[in-house]
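This briefing concerns a single protein model and is arranged by topic. Please consult the sequence and the structure shown here alongside the points that follow.

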Amino acid sequence: MIIMKRISFLIFNFSFLLLLVSCGLYKNYERPTDIVTDGIYGRAQSGDSLSMGDLTWREVFTDPQLQALIEKGLAQNSNMRQADLRIQEAQNNLKAAKLAFYPSISLAPSGSIGGLWDPQNRPQYQNVFGGGASKTYSIPIAASWQVDCFGQLRNAKKRSQVAVENMQSVRQAVQTAVVANIATLYYSLCMIDDQIRITRETAANWKKNLEVTKMLMEAGQSNKAAVASTEANYWNICASLVELEDRMFKTENTLSNLIGEVPHHFERSSLSTFQTPSLCVTGVPINLLNRRPDVRQAELALASAFYAKNQAKAAFFPQLTITANGQYANSIGNMVVNPGGAIAAVVASLAQPLFNQGKLRAAYKNAKAEIEIASIGFQQTVLDAGYEVASSMAALKVCRAKKDLITNQINSLTEAVEATEALMQNSNQVNYLNVLTAQSNLLGAQLSEVANNYNIVAHTINFYQALGGGAK
């Protein structure tokens, strides 16, 4: 009696110890407290409740023609379609992980017929050959259920859930890239349109200047060198016009390929119609961690490593499996009886690893190391994200500040061209070379304005990407 009590006491203590040790295997992932997020945007840090990260791509890119192209791209782009299929695969794996909690059931019916017979049907051998064929059949059903005592199945399911979220983040990253690339190419075409327009106007002016210079040379007020210089500038502008038209052709081809269509021309608006979202310059709250796909992926990798460590730890504990078998058959041993009978058995097995050549311990140590690796990667991804947000916002502010300055410069140079032309016509204070110089300066300023307008769009797109592609 005393021995039985001691055995019961030891079993109780052992079970209680196992329960305490396994408690950590059922914990959910929580973000580590040592991940630094304060001040990751530098001077761009703000406590505003809204930012461009809260806007959808339709609210950022309001041009109707661009919106139509983006919708085509999202529907037809091959990377987007592949990402959707990857999500379906991850969801299928999650369903399989959930079904692992239920028993597995199999049915394998079988039957046979056999016996000895006399081809000549001789009566004297009837007792030897028997009375005919014997028929046997069996309808077995087997069920096996792994009891999740120490969280092996639970942590596998959690990892599958993390995999689904990770693939959704991948899809968000692909969508953001597709939207940003289409917008970049679209506004590149708008910029090229403005450059071609200005270049054509300039070429027409220089052609007129060339004719005037030739007339002045014939009148003795200019020389061969001035004519040759003006003519060279005119041909240079014509050459740049050819290059711009080639750039437009190649950019349209690239955009066609991106949205999954054959090369063709795209109708588009002007670069000047782009409206920078007002929230771009009001600051950014710390919602970056919920918007950027790469930051989410880095944290999901950490969560996956956490559940993998739990799985590796659970491998040290016993695995309880309950198996039930049953069959209806008419063959028992070497005997065939009719009608058949039912046979059933239930077996519970407990497998406890004792010595596995150190593989379980090595796997557990590696799982812990993977957590540290994922944690370092997560922290660095957060810092990189903050740097990208701060850099894109600073670049956008610089371009917006230059916009008014360049406009003032163009106004001044326009007045300078008009004044120089008036002086040349009404006095001898300036010659035609001064007019050409003033026109060249105006051309440079106009092209700088186009480039700066495009930079505002480009940095807005970069800012949109840095914030994770906005809301869904």
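The expected span of a helix is 1.5 Å times one less than its number of residues. Helices (H or I, at least four residues) and strands (E, at least two) are DSSP runs, numbered from the N terminus. Helix H9 (residues 293-314) has 22 residues, and its first and last C-alpha atoms lie 31 Å apart, close to the 32 Å expected at 1.5 Å a residue.

This is a predicted model, in which local features need pLDDT of at least 70, side-chain atom pairs count only at pLDDT 80 or more, and totals for chains, interfaces and linings use all residues. Residues are numbered from 1 along each chain as its sequence is written, and side-chain values use heavy atoms, with hydrogens and water left out.

**Confidence**

- The mean pLDDT (the predictor's confidence in each residue, from 0 to 100) is 78 for the protein, and 75% of the residues reach 70 or more.
- Residues 1-17 have pLDDT below 50, and beyond near neighbours in sequence this stretch has 0 contacts (heavy atoms within 4.5 Å) in the model.
- Residues 45-50 also stay under 50 in pLDDT, but for them the model has 16 contacts beyond four places in sequence.

**Overall organisation**

- The protein contains 11 helices and 5 strands.
- Of its 472 residues, 36% are buried, where buried means under 20% relative accessible area, exposed over 50%, and partly exposed in between (1.4 Å probe, protein chains only).
- Among contacts with a separation of 6 or more, 84% are between residues 24 or more positions apart.
- The accessible surface (Shrake-Rupley method with a 1.4 Å probe; for residues, only the protein chains shown count as cover) is about 27,500 Å², and carbon and sulfur atoms account for 57% of it.

**Nonpolar cores**

- A nonpolar core is a set of buried Ala, Val, Leu, Ile, Met, Phe, Trp, Tyr and Cys residues joined through side-chain atoms within 4.5 Å.
- The largest such core has 40 residues, and those with the most contacts inside it are Phe61, Leu66, Ile70, Ile182, Tyr187, Leu255 and Leu271.
- Two or more residues of this core come from each of helix H2 (57-60), helix H3 (64-76), helix H6 (152-218), helix H7 (224-258) and helix H11 (432-466); H6 gives the most, with 15 residues.
- Outside four places in sequence, Ile182 is in contact with Leu66, Leu69, Ile70, Gly73, Leu255, Leu258 and Ile259.
- A second, separate core of 15 residues includes Leu300, Leu302, Ala374 and Val382.

- Thr199 is found in H6 and is buried because its relative accessible area is 6%.
- Leaving out residues up to four places away in sequence, Thr199 touches Ile237, Ser240, Leu241 and Leu244.
- Just after H6, Gly220 takes a positive phi of about 80 degrees.
- Lys224 is found in H7 and counts as exposed because its relative accessible area is 63%.
- The C-alpha atoms of Lys224 and Thr213 are separated by 9.2 Å, with the two residues 11 apart along the chain.
- H9 is mostly covered, with 17 of its 22 residues buried.

**Cysteines**

- Taking a disulfide as a pair of cysteine sulfur atoms within 2.5 Å, the count is 0.
- Cys190 is buried at 1% relative accessibility, and Cys399 is buried at 6%.
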